[in-house]
Amino acid sequence: MTPERGAWPQTTPDGLARATALGARVPGVQATALIEYRSGGHLLVIGSREATRAVLPALQDSLTPYLLIPRRDDTPGPAYERELVAEPGPVSGHLGAFVASVAGPGGEVDLASLMRGAGQKTFDLVLDLRSPPALDADVLPAGYYAPGADPARLAEALEELAELVGEFEKPRYFDYDPAICAHSRSGQAGCRRCLDACPTDAIRSAGDRIEVDPYLCQGGGTCATACPSGAITYAYPTAADMLDYLRGLLQRFHDAGGRHPVLVFCDRERGAAVLAAAAGELPEHVLAVEVEEIGAVGLDVWLAALAFGAAEVLLLTPSWTAPTVSAELRRQLDYCGAILAGLGLEAPRVRALEADATPALTALLGATRRESVCRSPFATFGEKRNTVFTALERLAAGGAVPQPADLPEGAPFGTLEVDRDACTLCLACASLCPVKALQGGTDTPLLAFIEGNCVQCGLCRGGCPESAISLRPRMLFDAEARRTPRVLNEEPPFECADCGKPFATRKIIETMRRKLSGHRMFSDAAALRRLELCEDCRVKDLFRAGDGRDPLQ
């Protein structure tokens with residue numbers, strides 16, 4: 001998280017404060033698990049005979065190429081020793097473990113066993129020269145290259161392929177807690193924000209939970225940014241490490257005499273170079289913060305940074321940012337803008353800088369210098385929603401509690417509205433809620449709602465048998481109201497017609513009478529009356545009538 005410091009000027013009090021802030025020791029990053037790849041250099045090259053022949057001379061000796069030529073792209077020419085002309089099938093996998101197939105007379109045939117020999121199931125690397133290629137994720141798997149018709153991209157791919165022989169490690173970028181995942185419950189579909197936001201297609205649905213392929217995951221981080229509950233979190237660094245670093249950075253800057261700092265987040269691989277090239281022309285109150293991937297910092301980090309004392313938070317998203325990442329960041333920025341506007345901060349405090357070079361970057365930064373809203377280096381353990389709420393409380397401190405702010409559709413904060421006429425208090429919604437935003441009563445039939453817990457996943461709405469629930473995204477700034485259970489519906493319990501024991505709600509009994517009144521097993525008054533009996537009294541009544549069958553069982 002420490003940016004390059006050599007090129008940053010120190011000619012003003014802000015510049016000197018920046019040098020002090022960036023020069024201090026930064027907190028260590030918590031260790032995370034490592035993912036290992038092994039590659040023997042077995043390279044599958046897919047493309048026309050002309051294209052595959054053209055790359056052969058450029059391949060390093062460390063690579064063993066196998067050429068797959070689609071039948072439609074085959075042209076006369078000398079055969080290569082490891083070549084197959086066939087109709088390509090699907091390709092999947094990652095560095096060291098790519099699986100490919102071709103069409104055979106009886107269906108798909110494993111390509112590695114055909115070309116590498118019996119018992120071989122995978123290739124280590126893939127160079128796909130077709131357009132379109134087999135894989136089209138925004139960020140392709142490690143070891144898979146699809147340069148298209150761009151000679152520069154092809155040259156870069158050939159250079160990198162030569163280096164991908166041996167054993168490699170990378171961090172496991174994510175942690176996952178299925179207990180608070182809102183993806184699905186009891187077969188009812190809910191949140192799929194992480195699946196839609198992943199640029200590598202590494203996440204898939206697995207029933208009531210999601211599964212992340214750690215070999216496909218390349219640390220894009222938008223899954224954690226999009227996750228409304230904090231079920232999936234970024235692990236390299238963790239949110240707690242990042243917030244700890246930002247708190248210290250801004251505190252040192254202020255303590256050294258700096259004023260109204262602007263944080264610019266950039267990815268370490270390429271965005272940092274753009275910032276370094278522009279360093280001499282940027283205002284000296286601009287502090288660069290390098291992250292593994294720009295999509296890995298989201299609403300909790302942005303709002304906390306403003307509360308820690310940043311005047312603005314800017315995200316450097318050059319043209320090479322994956323479209324999936326850019327789209328998710330735009331959504332999150334829309335949510336953030338609506339929340340800050342609700343606090344009365346109309347001018348953009350968090351925004352994207354879509355710049356590839358110095359002139360565009362300096363123009364986007366602009367000449368207007370905004371003041372910091374507050375300076376409150378509060379402690380946080382990195383829990384996402386609590387960080388957001390605490391930051392908002394600090395940003396709003398000293399004034400009247402703002403009115404609730406409506407948020408764009410899809411925002412992970414909001415309220416529920418229940419049609420009391422339709423709701424039977426069956427509590428199916430409460431049983432589906434993964435974050436305990438909806439709760440039933442203990443002694444009386446009621447449905448209570450804790451707005452601060454609600455992630456707007458829609459599981460309750462989809463699982464309501466009466467279609468009585470609707471969602472409304474908003475930010476409730478009143479912390480006490482956000483934490484306090486609010487009754488959405490209640491009614492007196494229905495008491496057994498024989499023993500008087502409460503056992504259901506009046507609405508449930510009325511609904512059952514209405515739905516079963518035309519059923520052949522409830523055609524007489526005695527059978528209908530049993531609907532008004534508790535389970536024990538219903539059994540007694542059946543035996544008194546000489547019939548041991550219970551139509552409700």
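A pocket is defined here on a 1 Å grid over the protein atoms alone, as an open set of points with protein on both sides within 12 Å along at least five of seven lines. A cavity is a set of points where a 1.4 Å probe fits but cannot get out. Lining residues have an atom within 4 Å of a point. Grid points are joined across faces, edges and corners, and a volume is the space filled by probe spheres set on the points.

The model is predicted; local features need pLDDT of at least 70, side-chain atom pairs count only at pLDDT 80 or more, and totals for chains, interfaces and linings use all residues. Residues are numbered from 1 along each chain as its sequence is written, and side-chain values use heavy atoms, with hydrogens and water left out.

The protein has 553 residues, of which 50% count as buried (under 20% relative accessible area; exposed is over 50%, partly exposed in between; 1.4 Å probe, protein chains only). Its secondary structure comprises 18 helices and 28 strands. These are DSSP runs numbered from the N terminus: helices are H or I with at least four residues, strands E with at least two. The C-alpha trace spans about 95 × 75 × 35 Å along its principal axes. Among contacts (heavy atoms within 4.5 Å) between residues at least 6 apart in sequence, 69% join residues at least 24 apart.

The largest pocket holds about 1800 Å³ of space. Its lining has 46 residues; Val 139, Leu 140, Glu 160, Gln 218 and Glu 269 lie nearest the centre. Elements giving two or more residues to this lining are β9 (144-145), α4 (151-163), β10 (166-171) and α10. The largest share, four residues, comes from α4. By class, the lining of the largest pocket divides into 24 nonpolar, eight polar and 14 charged residues. In this scheme Ala, Val, Leu, Ile, Met, Phe, Trp, Tyr, Cys and Pro are nonpolar, Asp, Glu, Lys and Arg are charged, and the others, Gly among them, are polar.

Eight cavities of 30 Å³ or more are present. The largest cavity holds about 130 Å³. It is lined by 18 residues, with Cys 217, Gly 219, Gly 220, Gly 221 and Cys 223 nearest its centre. Helix α6 (222-226) and strand β16 (232-234) each supply at least two lining residues. The largest share, three residues, is that of β16. The lining of the largest cavity has eleven nonpolar, seven polar and no charged residues. Thr 225 is found in α6. Thr 225 counts as buried because its relative accessible area is 4%. Beyond its neighbours within four places in sequence, Thr 225 contacts Gly 295, Ala 296, Val 297, Gly 298, Gln 332 and Lys 384.

A nonpolar core is a set of buried Ala, Val, Leu, Ile, Met, Phe, Trp, Tyr and Cys residues joined through side-chain atoms within 4.5 Å. The largest has 54 residues; Leu 246, Leu 263, Phe 265, Trp 302, Val 313, Leu 315 and Leu 340 have the most contacts inside it. Elements giving two or more residues to this core include α7 (239-255), β17 (262-267), α9 (299-308), β19 (312-316) and α10 (323-342). Helix α9 gives the largest share, nine residues. Leaving aside neighbours within four places in sequence, Leu 315 contacts residues including Phe 265, Trp 302, Leu 329 and Leu 333. Another core, of 24 residues, lies apart from the largest one; Val 435, Phe 449, Cys 457 and Ala 468 are among its members.

Phe 449 is also touched by Pro 485, as are Ala 448 and Ile 450, residues up to four places away in sequence not being counted. Pro 485 lies in the loop between α15 (479-483) and β26 (486-490). Pro 485 counts as partly exposed because its relative accessibility is 48%. Pro 485 and Leu 438 are 47 residues apart in sequence; their C-alpha atoms are 8.7 Å apart.

Strand pairing requires at least two DSSP bridges between two strands. Three strands form an open antiparallel sheet in the order β21-β25-β22. Its edge strands, β21 (405-406) and β22 (414-418), each pair on one side only. Five bridges join β22 to β25 (residues 469-475) in the antiparallel sense. Thr 415 stands opposite Arg 472 in β25. Elsewhere, β2 (residues 42-46) and β3 pair in the parallel sense over five bridges. His 42 has Thr 64 of β3 as its bridge partner. Strand β3 (residues 64-69) is mostly covered, with five of its six residues buried.
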